Amino acid sequence: YLSGYVQPDGLENLSISPFALKDKLVELIGREAELARQGRRAAIWAKMNSLTEREVIEAGQAFELGGG
């Protein structure tokens, strides 16, 4: 849980918006796209309240349309 009451364990993949989240998402989508192009298993699971960053949307669409 991310709250002021509990010290979370194992958050090595945490990115904070607006500082690094967009770049990190584009990087991770690109990594999955590369796996798909190599014929390896690739998937993206994401849960968010809202997605408005054009660069992230376009990277996701490119992944969906064939791995990059």
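I57 sits in helix α2, residues 54-64; helices here are DSSP runs of H or I of at least four residues, numbered from the N terminus, and strands are E runs of at least two. This is a predicted model, where local features need pLDDT of at least 70, side-chain atom pairs count only at pLDDT 80 or more, and totals for chains, interfaces and linings use all residues. Residues are numbered from 1 along each chain as its sequence is written, and side-chain values use heavy atoms, with hydrogens and water left out.

The protein chain has 2 helices and 0 strands. Of its 68 residues, 13% count as buried, meaning under 20% relative accessible area, with exposed over 50% and partly exposed in between (1.4 Å probe, protein chains only).

Now α1, residues 21-37. Its 17 residues should span 24 Å at 1.5 Å a residue, and the end C-alpha atoms are 24 Å apart, which agrees; the expected span is 1.5 Å times one less than the number of residues. Which residues of α1 are buried? They are I29, E32, A33 and L35. After α1 comes G39, with a positive phi near 80°.

Back to I57: at 30% relative accessibility, I57 counts as partly exposed.
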